[in-house]
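Thanks for coming, everyone. Let me put the structure up, and then we'll walk through it.

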Amino acid sequence: MIVWSRARILVSSIGIILLWWLGSHTIFNPKLVPPPIVVAISFWKMIATGEIWVHIGVSLRRVLIGYLLGIVTAVPIGVAMGRSKIVENLLGPPLQFMRNITPLAIIPFAVNAFTVGEASKYFIIWYGSVITIILNTATGVSLTPQIRIRAAQCLGASPRDIFFRIVMPSAWPFILTGLRVALGFCFMGVVAAEMVAAENGIGFLIMQSRNMLLPEQMFIGIFMLGLVGLITDRLFHVSIRRLMRRYMIMIEQD
Amino acid sequence: MDREKALYISISIAIILGTWWLTSGTLFHEAILPSPPQVAERFWEMIITAELLFHLGISLKRILIGGVLGCSLGFIIGTSMGGIKLMRDILEPPFHFFRNIPPVALVPLAITVLGIGETSKVSVIVYITIISMTLNCAAGMMSTPQIRIRAALCLGASPRDIFFRIVLPSAWPYILTGLRVAVGYSFMAVVAAEMIAADKGIGFLIMQSILIIHPREMVIGLVMLGGIGLLGDRIFLMAINRLMRRYMITMKEA
Amino acid sequence: MWRLLRADRVSKDFQKAEGGIVEVLREVSFQVERGSLFTLLGPTGCGKSTILNIVAGFEQSTSGQILYDDTPITTPGKDRAVIFQDVSNALFPWLNARENVEFGLKIAGLDRADRSQRSEHYLRLVGLSEDHGKFPFELSGGMKQRVQIARALANDPDVLLADEPFAALDAITKKHIQVEFRRIWQETAKTILYITHDIMEALLLGTHLAVMTAGPRAGIKKIFKLDLKEPRSHANPDFVEIYSRVEALIDEEVRRMREQ
């Protein structure tokens with residue numbers, strides 16, 4: 001007996017495929033919106049030739065590098081911002097301003113400055129992650145409950161102890177949340193960058209399908225993007241749960 | 001804003017301007033990063049000729065139409081999901097899946113199906129706002145404390161009463177937050193849509209510089225994006241805090 | 001008919017998360033007379049709130065039933081109003097005090113004039129006439145509870161079910177509001193089922209006191225009819241005597257709980 005909570009995913013998927021099939025045969029031009037079968041066949045071919053894995057791999061590689069760069073640069077800055085009012089006052093306003101500038105808008109500058117090589121992609125992905133991680137880290141660090149710090153002081157903790165044993169652990173949940181959100185922005189950045197200035201990757205795949213009049217490819221690319229995003233987000237969610245068990249904090253799935 | 005904060009903002013701006021000025025022409029070629037005076041000159045030109053207003057207006061119009069449509073639909077779907085379990089069960093999986101697909105990835109599809117006109121751009125905005133708004137509203141609807149529902153039952157409330165008089169008002173903070181988030185996403189989506197295939201708008205302004213054609217316009221576009229985005233967000237925040245006073249919730253910036 | 005509310009061998013089992021069943025209540029029986037203030041006293045975790053939830057209709061008993069005027073209870077209703085302990089979540093934060101009190105009346109379809117009249121009366125009864133325009137976040141814990149009481153009373157229920165309503169208040173506020181509560185009960189002549197873990201409170205307020213055994217499989221240990229002369233305080237030797245007896249019973253239960 002299939003449990004409803006599992007079955008409903010199946011039900012809604014079938015529902016969507018049905019709607020898709022209907023749309024492809026009635027409202028939309030099948031040359032523009034191919035029916036599910038055509039896409040499935042094309043998908044199978046791409047898996048067989050391994051083509052799809054190459055593109056996914058390239059995109060993931062770019063995200064990974066840009067993301068790690070982002071973490072390494074952003075966390076220290078965020079910590080500094082959380083600890084020091086001066087840093088917060090200096091960095092806060094520009095960051096709040098930049099927050100509204102999506103990584104997509106940085107693409108022209110990145111491409112111009114770094115040419116169409118890998119560096120420009122890393123820059124864009126890095127940009128996508130830094131602001132979020134900085135702000136979340138800063139919030140986490142600054143929200144360390146003062147009572148907790150006082151308790152530690154009463155127990156003989158030095159400022160160094162307090163930072164590493166009280167402040168950072170207290171900030172940890174916030175940092176993780178920031179990391180999770182930032183990852184989403186990274187994917188957004190890499191797809192956009194690949195659509196505009198690349199020769200491989202999921203974004204390129206989606207864009208290329210227009211030029212080569214292969215609309216099935218577009219659907220495959222979009223679907224894989226969603227899948228990869230979903231899987232990485234789930235992985236993140238699961239590892240957060242595991243790491244946060246001792247905090248007994250349930251990071252809400254948003 | 002107190003004087004200390006104003007001082008720090010001035011210092012930040014000064015440092016940023018200074019760094020910008022120094023790197024332009026030296027680290028970065030002028031065609032990639034024009035100097036502040038060059039940008040200012042073109043900025044002034046664009047204001048006088050109303051060219052800037054034109055592009056801003058186009059983008060804001062798209063955001064407005066797409067945003068209002070998407071948020072309204074998202075609100076209806078999300079709140080209904082709160083009331084009808086079946087809807088919730090069936091719709092939740094696809095929404096969570098599509099949440100991972102950034103609007104950029106769907107721009108080529110939108111163009112293929114809906115052409116290069118306004119419809120495709122607005123539809124991308126509608127897409128992201130519906131998803132975001134639906135998920136936030138649904139979460140809000142599910143957040144009603146059980147005790148509150150029980151209190152209402154004791155006062156003679158029918159299921160209909162409970163939905164409209166208890167669950168919906170309790171969800172109000174989430175709905176407003178959802179709106180604020182959706183506005184942010186709208187800005188992102190409009191840039192995405194205008195980047196790929198447009199001949200006007202802020203995103204276009206930024207994007208057209210990708211082959212080092214109009215670098216000054218790019219900077220102006222970026223500044224406008226950040227500024228207007230920030231302004232919109234702050235206005236929203238103020239409005240929300242005013243409306244939420246009785247809930248005793250104050251939304252902070254981050 | 002003097003009997004209003006009757007618990008008839010009520011048992012309640014809960015499913016444990018890891019599987020298996022825990023018997024929270026076992027064959028609880030008692031009778032509440034019309035117009036009495038019936039207190040249920042027991043250590044925390046003995047299942048008193050579960051009884052209240054069943055009487056209120058939020059939960060179903062596994063066996064046995066609650067009879068209200070000889071009809072079994074299955075769903076919540078206007079006739080049995082609950083005063084919750086978690087008043088911050090029970091009050092509606094987007095409505096001010098007066099609007100909260102009028103909530104049940106609005107649903108029932110009363111027009112504005114009637115509603116105003118009733119809410120004014122009950123707010124005066126609980127001593128909050130001046131604060132009718134304030135929102136819950138502007139009220140202290142004690143004031144919020146009084147709004148909740150007024151809101152419940154305005155709907156004219158037959159029975160009030162109070163779930164440790166004052167447990168979260170500080171001692172001084174608690175003392176005052178207990179006295180107030182007694183006065184309100186005397187003025188409105190309502191039937192009240194009152195859950196508490198505080199011996200003093202039970203003896204201060206009640207016409208009857210039922211001591212519960214500790215869980216699991218909690219039941220009624222002993223029921224006292226409290227015919228105490230005023231004042232109900234340490235100055236009264238009868239009061240002190242019954243206090244010791246109740247305390248001894250409670251201690252017995254706590255000891256039993258510890259040994260388990």
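Two residues count as in contact if their C-beta atoms, placed from the backbone, lie within 7 Å. Keep that in mind. This is a predicted model: local features need pLDDT of at least 70, side-chain atom pairs count only at pLDDT 80 or more, and totals for chains, interfaces and linings use all residues. Residues are numbered from 1 along each chain as its sequence is written, while chains are lettered from A and ligands numbered from 1 in the order in which they are written.

Chain A to begin. Helices (H or I, at least four residues) and strands (E, at least two) are DSSP runs, numbered from the N terminus. Chain A has 10 helices and zero strands. Its C-alpha trace spans about 70 × 55 × 30 Å along the principal axes. We call a residue buried if 20 or more other C-beta atoms lie within 10 Å of its own, exposed if 12 or fewer, and partly exposed in between; again, C-beta atoms are placed from the backbone. Of the 254 residues in chain A, 40% are buried.

Now, the neighbours. Two pairs of chains are in contact, and chains A and B share the most contacts. Chains A and C have no contact; their closest C-alpha atoms lie 18 Å apart.

How many residues does each chain bring to the contact between A and B? Chain A gives 45 residues, and chain B gives 45 residues. On the chain A side, α10(A) gives the most, with eight residues. By class, that side has 32 nonpolar, 10 polar and three charged residues. Ala, Val, Leu, Ile, Met, Phe, Trp, Tyr, Cys and Pro count as nonpolar, Asp, Glu, Lys and Arg as charged, and the others, Gly among them, as polar.

Over to chain C, and one helix. Helix α6(C) covers residues 171-188. Which of its residues are buried? They are K174(C), I177(C), F181(C), I184(C) and W185(C). Down the axis of α6(C), these buried residues fall within an arc of 95°, so they line one face of the helix. That arc is taken from the directions from the helix axis to the C-beta atoms.

What covers the buried residues of α6(C)? The cover includes β3, α4, α5, β8 and α7 of chain C. The face turned away carries the exposed I172(C), V179(C), Q186(C) and E187(C). After α6(C) comes A189(C), with a positive phi near 55°.

Conventions
Expected span 1.5 Å × (residues − 1).
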